[in-house]
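Subject: The structure I promised you

Hi,

Have a look at it first, and then read on for what turned up in it.

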Amino acid sequence: QVQLVESGGGLVQTGGSLRLSCAASGFIFSSTAMGWFRQAPGKERLFVGSISWSGTVYADSVKGRFTIFRDNAKNTVYLQMNSLKPEDTAVYYCAVGYGRNINGYNSWGQGTQVTVSS
């Protein structure tokens, strides 16, 4: 069965960096598009970015600060987050799928908390 396990979250100061990891199993990772979403308390889950064979797409709010990349040998997708802001505070989830629409995704991880202090 599909399993996604996120890690790497934590507490960081404004302007700092974090790298999130999502270890995948149960499917052919190398040929599968992956995405990242985030959800702040009391808010809806929002698109962050996704990666496929055709490239990457990002939400405007993170473009130029966040980078998604993958290591197919490790079945892992990463989210490198730089120049973090307090508004980036959220639980971050990886999922199988591609594009900005959450309906294009299935098989979610459990999430990892990112907190950016001001």
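Let's start with a sheet. Four strands form an open sheet in the order E1-E3-E8-E7, and their pairing is antiparallel. Strand E1 (3-7) and E7 stand at the edges with a single partner strand each, so one side of each has no neighbour in the sheet. On average, neighbouring strands here are turned by 15° against each other, if you ignore direction. Before you go further, keep in mind that this is a predicted model.

Within that sheet, take a look at E3 and E8. They run antiparallel and are joined by six bridges.

Is Ser-21 buried or exposed? Its relative accessibility is 19%, and the cut-off for buried is under 20%, so Ser-21 counts as buried. Leaving aside neighbours within four places in sequence, Ser-21 is in contact with Val-5, Glu-6, Ser-7, Trp-36, Thr-76, Val-77 and Tyr-78.

Now for the inside. The largest nonpolar core has 31 residues, and the ones that touch the most other members are Met-34, Trp-36, Leu-79, Met-81 and Tyr-92. Several strands each supply at least two residues of this core: E3 (18-25), E4 (34-39), E5 (45-52), E7 (66-71), E8 (76-81), E9 (90-97) and E11 (112-117). Which strand gives the most? That is E9, with five residues.

Next, the disulfide. The count comes to one, and the link joins Cys-22 to Cys-94, with 2.0 Å from S to S. The angle about the S-S bond is 55°, and the link is right-handed. What makes this pair worth a click is that it links distant parts of the chain: Cys-22 is in strand E3 and Cys-94 is in strand E9, 72 residues apart. Cys-22 has a relative accessible area of 0%, so this residue is buried. Cys-94 also counts as buried, because its relative accessibility is 0%.

On to the charged residues. Side chains of opposite charge can pair when their charged atoms come close. How many salt bridges does a search of the whole structure find? The search finds three.

Two of them involve Asp-88:

- Asp-88 forms a salt bridge with Arg-38, and the closest N and O atoms are 2.8 Å apart. This pair links distant parts of the chain, with Asp-88 in the loop between E8 and E9 and Arg-38 in strand E4, 50 residues apart.
- The side chains of Asp-88 and Arg-65 also meet in a salt bridge, at 2.7 Å from N to O. This pair again links distant parts of the chain: Arg-65 is in the loop between strand E6 (55-58) and E7, 23 residues from Asp-88.

Taken together, Arg-38, Arg-65 and Asp-88 are linked in a network of salt bridges. Asp-88 and Arg-38 are both buried. Asp-88 has a relative accessibility of 0%, while Arg-65 is buried with a relative accessible area of 11%.

The other salt bridge is between Lys-63 and Asp-60, whose closest N and O atoms are 3.2 Å apart. Lys-63 counts as partly exposed at 48% relative accessibility, whereas Asp-60 counts as exposed at 64%.

Asn-75 has a positive phi of about 50° although it is not a glycine. You will find Asn-75 in the loop between E7 and E8, partly exposed at 26% relative accessibility. Ser-83 is not a glycine either, and it has a positive phi of about 50°. Ser-83 sits in the loop between E8 and E9, and at 40% relative accessibility it counts as partly exposed.

Conventions. Residues are numbered from 1 along each chain as its sequence is written. This is a predicted model: local features need pLDDT of at least 70, side-chain atom pairs count only at pLDDT 80 or more; totals for chains, interfaces and linings use all residues. Side-chain values use heavy atoms; hydrogens and water are left out. A nonpolar core is a set of buried Ala, Val, Leu, Ile, Met, Phe, Trp, Tyr and Cys residues joined through side-chain atoms within 4.5 Å. Buried means under 20% relative accessible area, exposed over 50%, partly exposed in between (1.4 Å probe, protein chains only). Two strands pair if DSSP finds at least two bridges between them. Axes are lines fitted to C-alpha atoms, for helices over the stretch in contact, and angles run from 0 to 180 degrees between N-to-C directions. A disulfide is a pair of cysteine sulfur atoms within 2.5 Å. A salt bridge is a side-chain nitrogen of Lys or Arg within 4 Å of a carboxyl oxygen of Asp or Glu. Contact means heavy atoms within 4.5 Å.
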